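Please work through the exercises below with the sequence and the model at hand. Each task is followed by a solution in steps.

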Amino acid sequence: MKVLLVNSVCGVGSTGRICTDLYDELISKGHDCCIAYGRGKADKDYNTYKIGNNFDKFVHLIGTRVLDKHGFFSIKATRKLINFIDDYSPDVLHLHNLHGYYINVRILFQYIKVKNIKVIWTLHDSWTYLGHSAYEHNGKEHSSDYPKTYLSRKKRNKNMKQEMFSDCQDLTIVTPSNWLANEVKKTFLKQYKIITIPNGIDLGKFKPSSYTRPLYFFDNKIKLLGVAKNWEERKGLSIIKELSTNYSDRYEIVIVGNCSQKQVLNTKIKVIPETSSIEELANLYSQADVFINPTFQDNFPTTNLESLACGTPVVTFDTGGSPEAIDVNSGKVCEDKNAQALNQAILEVMNSDSVTTEECLNRSKLFSKSIFIEKYLQVYGG
């Protein structure tokens, strides 16, 4: 079987690692696989196809900002991708994030409908059916949300997406969370088969780390860790800042991801740049007492799973599918989305006899990469 994975990135971030995990397992089982990606770089050990160049992405970015037409530029780059797909001739086309300033969805789906290719589309957020944003906040989209624009055309975009993404002959929608599956069923995408496959992680790589250098935490306080690719406001940065200000005598806080110390404006929070090193991430998770994820908009954060796999309990807001990763023995869900509730949940977890490293590790086994891969193989038809 030949599988072509398409995503904005390869090997970095949660969706990038999901693609390389799928690739590794497919290759190990004797299948042929390739990853087509649009941004950043890819490990040379992977069979990949780079979509477009920096100039293409710059034009796409400007078009998004000025015209709110994200996903409708990169014409030449997408036509070249179509030629590559013809040459590669995959049995399965597995789409992931199509947003990211790198692909023209109209051209891609015109091709899919003509060729009648078997398509699996994993939705990692809500961009596919919303008029602009990747996420809604209290049922609303904002032009300042990713992908940012100065001229909002939400109604037009939603109509165009419904036209383009409808009536494919062999398309299956996969969502990592039950929450997103239920949201998708409320949209025009309900015409397709919709199944839930929770994200899987490599438990051979994400595991309790005995590698304690470098040390990321120093004080004799409760050690809190937050991880995000980009610390946007939807990820709860304001909550973490409030936590560090009002409860600084209790906590030492480290956050990992694209966020400057200037953005944090708080010396009580240590900022570590985004890393693609699984070893470093496992070390960070293992050194923390509690992983905090005060997210306001999310689907099924892989970071929750990574923390559990390293034996560290998770405290998260009742947002999207984030609570689906944990149970009462591996963390706590905050129904109230504020710093006071987060603080109380952290203390409850730290003082609980039932929330243990062993229970976190047991919980993480439900999300092992092997289970994740087997479910996808069934969907592929292999």
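**Exercise 1.** Determine whether Tyr 101 is buried or exposed, and describe the aromatic pair that Tyr 101 forms with Tyr 146.

*Solution.*
Step 1. The relative accessibility of Tyr 101 is 8%, so this residue counts as buried; buried means under 20% relative accessible area, exposed means over 50%, and partly exposed lies in between (1.4 Å probe, protein chains only). This is a predicted model, in which local features need pLDDT of at least 70 and side-chain atom pairs count only at pLDDT 80 or more, while totals for chains, interfaces and linings use all residues. Residues are numbered from 1 along each chain as its sequence is written, and side-chain values use heavy atoms, with hydrogens and water left out.

Step 2. Tyr 146 has 28% relative accessibility and therefore counts as partly exposed.

Step 3. Rings of Phe, Tyr and Trp (its six-membered ring) pair if their centres lie within 6.5 Å; planes under 30 degrees apart count as stacked, over 60 as edge-to-face and the rest as tilted. By this rule there are 13 aromatic pairs. One of them is stacked: Phe 84 with Tyr 88, at 5.9 Å centre to centre and 10° between the planes. Both of these residues lie in helix 3, 4 residues apart, about one turn of the helix. Helices (H or I, at least four residues) and strands (E, at least two) are DSSP runs, numbered from the N terminus. Phe 84 and Tyr 88 are both buried.

Step 4. Tyr 101 and Tyr 146, in turn, form an edge-to-face pair, with 6.2 Å centre to centre and 80° between the planes. Because Tyr 101 lies in the loop between strand 4 (92-95) and helix 4, and Tyr 146 in the loop between strand 5 (119-122) and helix 5 (154-165), the pair ties together parts that are 45 residues apart in sequence.

Step 5. Phe 84 and Tyr 88 also belong to one aromatic cluster with Tyr 49.

**Exercise 2.** What kind of peptide bond joins Tyr 146 and Pro 147, and where does Pro 147 lie?

*Solution.*
Step 1. The bond between Tyr 146 and Pro 147 is cis, with omega about -5°.

Step 2. Pro 147 is located in the loop between strand 5 and helix 5.

**Exercise 3.** Describe how helix 3 packs against helix 4.

*Solution.*
Step 1. Two packed helices are described by the angle between their axes and the distance between the axes. Axes are lines fitted to C-alpha atoms, for helices over the stretch in contact, and angles run from 0 to 180 degrees between N-to-C directions.

Step 2. The axes of helix 3 (residues 75-88) and helix 4 (residues 105-115) cross at roughly 25° and come within 9 Å. Helix 3 is therefore roughly parallel to helix 4; angles under 35 degrees count as roughly parallel, over 145 as roughly antiparallel, 65 to 115 as roughly perpendicular and the rest as oblique.

Step 3. On the side of helix 3, the residues that meet helix 4 are Ile 75, Thr 78, Arg 79, Ile 82, Ile 85 and Asp 86; their partners in helix 4 are Ile 107, Leu 108, Tyr 111 and Lys 115. Contact means heavy atoms within 4.5 Å.

Step 4. By class, the residues of this contact of helix 3 with helix 4 are 6 nonpolar, 1 polar and 3 charged. Here Ala, Val, Leu, Ile, Met, Phe, Trp, Tyr, Cys and Pro count as nonpolar, Asp, Glu, Lys and Arg as charged, and the others, Gly among them, as polar.

**Exercise 4.** Carry out the description for helix 1 and helix 13.

*Solution.*
Step 1. The axes of helix 1 (residues 13-28) and helix 13 (residues 369-380) come within 10 Å, with a crossing angle of roughly 75°. The two helices are therefore roughly perpendicular to each other.

Step 2. Helix 1 contributes Ile 18, Asp 21, Leu 22, Glu 25 and Leu 26, and helix 13 contributes Lys 369, Phe 372, Ile 373, Tyr 376, Leu 377 and Tyr 380.

Step 3. The contact of helix 1 with helix 13 has 8 nonpolar, no polar and 3 charged residues.

**Exercise 5.** Where is Leu 284 found, and which residues is Leu 284 in contact with, leaving aside its neighbours within four places in sequence?

*Solution.*
Step 1. Leu 284 is part of helix 9 (residues 278-287). With 0% relative accessibility, Leu 284 counts as buried.

Step 2. Apart from neighbours within four places in sequence, Leu 284 is in contact with Tyr 216, Phe 217, Leu 225, Val 254, Val 256 and Ile 272.

Step 3. Val 254 is 30 residues from Leu 284 along the chain, and their C-alpha atoms are separated by 9.0 Å.
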